Amino acid sequence: MITLEVRGTSKTSPNFLTVTLGGPELEHLLPTGFDQIVRLFFPRAGQSCLTMPTLSNEAWMAQVLLLPKSRRPWVRNYTVRRFRPQQAEVDIEFALHGDAPACAWALGARPGDPAGIFDMGLTYLPPPGAAAQLLVADESAVPAVLAVLESAPASLVAEVFLEVPETADIRKDVAAPEGVRVHWLPRDGSADLPGRLALDAVRGAVLPEGRLYAWAAGESGLATDVRRHLVRDRGVPKSDVAFHGYWRHGRSSPG
């Protein structure tokens with residue numbers, strides 16, 4: 001368990017906000033790049049301090065749940081967007097969608113506010129024999145894909161489909177290898193369910209030849225439907241498709 005504090009925030013685009021966390025305990029975080037996932041601990045509204053679990057094994061969740069709600073922190077999964085060990089800083093990028101607790105906390109975060117993280121490893125695990133890749137995400141997983149691209153080897157060949165709320169959320173400065181094509185898909189007020197644009201784009205895409213590794217994340221329907229399409233219609237082995245539902249439309253918002 002690593003206890004940190006907010007060092008600052010910056011609006012990345014209309015629907016994205018970056019929170020910078022820092023502190024000497026970051027020396028205990030081993031940077032792995034790609035979609036390094038951490039459990040993010042932050043106080044609930046009205047809490048004057050952050051109560052972190054003291055256990056670092058599988059029992060930490062039970063320890064949190066046993067806390068009275070007046071002391072129990074919020075816990076959510078997020079990707080490390082950038083890590084600067086020399087400055088003892090880490091960036092977490094939030095998709096601002098709905099009234100999710102994490103969104104509210106990020107919007108109200110101020111320098112000195114407490115937060116904590118716990119390393120959960122990677123989900124982006126391409127096999128050595130993959131000739132090319134397909135990366136698909138809605139806004140909740142855009143930070144993860146961008147972190148992957150910034151960590152990727154120069155030899156990476158990939159088609160990338162990123163769905164965002166509006167055109168102003170498109171990043172002009174994506175750092176990606178030469179063999180990567182990034183397709184931005186803004187909804188711009190469309191009534192389609194989140195993830196629909198990305199799914200339709202994948203269904204109509206010409207994908208690279210050879211063994212394909214696919215990684216799809218975001219709204220649960222997007223992740224499962226991309227996998228179903230690739231396996232059923234494209235003949236991609238199930239073992240070569242990683243899919244992760246970060247949230248479910250109608251039940252919770254990406255936060």
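**Exercise 1. Which residues form one aromatic cluster with Trp105?**

Before starting, note that this is a predicted model, in which local features need pLDDT of at least 70 and side-chain atom pairs count only at pLDDT 80 or more, while totals for chains, interfaces and linings use all residues. Residues are numbered from 1 along each chain as its sequence is written, and side-chain values use heavy atoms, with hydrogens and water left out.

*Step 1.* Apply the pairing rule: rings of Phe, Tyr and Trp (its six-membered ring) pair if their centres lie within 6.5 Å, and planes under 30 degrees apart count as stacked, over 60 as edge-to-face and the rest as tilted. The count by this rule is seven aromatic pairs.

*Step 2.* Take one of these pairs, Tyr78 and Phe94, whose centres are 4.6 Å apart and whose planes make 45 degrees, so that the pair is tilted. Tyr78 belongs to strand β4 and Phe94 to strand β5, so this pair ties together parts that are 16 residues apart in sequence. (Strands are DSSP runs of E with at least two residues, helices are runs of H or I with at least four, and both are numbered from the N terminus.)

*Step 3.* Collect the cluster, which consists of Phe42, Tyr78, Phe94 and Trp105. Both Tyr78 and Phe94 are buried, where buried means under 20% relative accessible area, exposed over 50%, and partly exposed in between (1.4 Å probe, protein chains only).

**Exercise 2. Find the buried residues of helix α2 and explain why they line one face of the helix.**

*Step 1.* In helix α2, which covers residues 101–108, the buried residues are Ala102, Cys103, Trp105 and Ala106.

*Step 2.* The buried residues of α2 pack against β1, β2, β3, β4, β5 and β6, with contact meaning heavy atoms within 4.5 Å. Leu107, also found in helix α2, touches Leu17 and Leu96 when residues up to four places away in sequence are not counted.

**Exercise 3. Is Phe34 buried or partly exposed, and what is the state of Ala88?**

*Step 1.* Phe34 is found in the loop between β2 and β3, and its phi is near 50 degrees, a positive value in a residue other than glycine. Its relative accessibility is 22%, so Phe34 counts as partly exposed.

*Step 2.* Ala88 lies in the loop between β4 and β5 and has a positive phi of about 50 degrees although it is not a glycine. With a relative accessible area of 19%, Ala88 is buried.

Conventions. Arc of directions from axis to C-beta.
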